[in-house]
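Here's a quick tour of one model, with a few stops along the way. Have the sequence and the 3D view open together.

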Amino acid sequence: MFEKILIANRGEIAVRIIQTCRRLGIKTVAVYSEADTSALHVREADEAVYIGASPSIKSYLNIDNILSAVDYSGAQAVHPGYGFLSENAEFARRLQEAGVALIGPSPDSIKRMGDKIESKKVALKAGVSTVPGSLDVITSDAEALRIAKEIGFPVMIKAAAGGGGKGMRVARDEKELIDGVKHAGSEAASSFKDGRVFIEKFFDNPRHIEIQVLADKHGNTMWLGERECSIQRRHQKVIEEAPSSFLNEEIRRQMGEQSVALAKEVGYSSAGTVEFIMDSDGKFYFLEMNTRLQVEHRVTELITGIDLVEQMIRIAAGEKLSFTQDDVKFEGWAMEARLYAEDPKRGFLPSTGRITRYLEPEKVENILIDTGIYEGGEVSMFYDPMVAKVCSYGDDRKSAM
């Protein structure tokens, strides 16, 4: 087992990873930018290393600076959390070359699943149900029109290297399609330095279901139930729950088995999430695989009793999973709400500055709060406005609500 882990992230997820490391007796190293000098994750870690100026490109996204912090601290492994470098194959490769363990999958798995077109091809090979659409990037308006007519409007234009709702446009007619290809490509190029886009069938009011998978380096792969993330804003999740009230046992099993097949096809190890959309008839289709921990991983932990961060660490250390698929039991219901620093009077734009008042509820049974802030701390303009998560657990959906 590792003695010291560096957490290449910030905010609530860094604090949450520190909690598990502390329970396992593992020392933690926080990294911080100029804006995060007094941040909560810096206070909670055993050590902290400065990695650059406030903009993330100069700090949390700077691979050289992170690797220097790893070298300086003597950390044996790095947990990337989510966002930033968590799905960056180059970062994973550089760590591998330095002899430092990434608490996550291999560089090859990250690369293949990180490209939405490549991942769709892998899914088809693994026998996974996929969304009707193109298997290659769009190179002309004529090609876009041909594909859209084949699968039928409405369609979704998506960035091949996208995420977080960026580089996505819905088109319900030919004019919206041509405009959407142009704007989605432009947004993708500025957000991901990759302007490639492709087209898929768009479903109105679909259910967004994701399956949590866990795989070690010894060939053991399993699924840990589903999460429903249908309540979204601008293609980003706001409320998540586990299980889904929409699935029956047969569909749940099919989704789980297809997710395991996909993970095995790509040689996956670590925790990962396979995302599906489901139409009103109960048919489901593969969207993408997230090769990292999810923001909403806590609801899975609450209904299974399995600490996903702990399992990621043990897998990265070369351990076998200590339980089998038959050992995984789902009990109760869990929900999560994301807490944002935003101003509703200004169209929910991010709100920054000093936190003058922050009160968490006193010890309340079946309530779990992950936070990256404290009273007197700062919400920076440089990072995502999500500052905390509130999770609840109950015997059934009503009590969880």
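Which residues in α11 are buried? They are L308, V309, E310, Q311, M312, I313, I315 and A316, where buried means under 20% relative accessible area with a 1.4 Å probe and protein chains only, exposed means over 50%, and partly exposed is in between.

## Ground rules

This is a predicted model, where local features need pLDDT of at least 70 and side-chain atom pairs count only at pLDDT 80 or more, while totals for chains, interfaces and linings use all residues. Residues are numbered from 1 along each chain as its sequence is written, and side-chain values use heavy atoms, with hydrogens and water left out.

## Around α11

Back to α11 (308-316): 8 of its 9 residues are buried, so the helix is mostly covered. Helices here are DSSP runs of H or I with at least four residues, strands are E runs of at least two, and both are numbered from the N terminus.

Just past the helix, G318 takes a positive phi of about 95 degrees.

## The cores

The largest nonpolar core has 33 residues, and I5, L214 and I313 touch the most other members. At least two residues each come from β1 (4-7), α1 (11-24), β10 (221-233) and α11; α11 gives the most, with 6. A nonpolar core is a set of buried Ala, Val, Leu, Ile, Met, Phe, Trp, Tyr and Cys residues joined through side-chain atoms within 4.5 Å.

Leaving aside residues up to four places away in sequence, I5 touches C21, I26, K27, T28, V29, A75, A77, H79, I103 and I313; contact means heavy atoms within 4.5 Å. There's also a second, separate core of 26 residues, including A75, L85, V100 and L102.

## The loop at N62

N62 sits in the loop between β3 (47-52) and α3 (63-73). Its side chain reaches the backbone nitrogen of N65 at 2.9 Å. Not counting residues up to four places away in sequence, N62 touches S56 and I57.

L85 turns up again here: N62 and L85 are 23 residues apart in sequence and 8.6 Å apart in space, C-alpha to C-alpha.

Definitions and conventions
A polar contact is a pair of N or O atoms within 3.5 Å; within protein, one must be able to donate a hydrogen and the other to accept it, and residues adjacent in sequence count only if both atoms are side-chain atoms.
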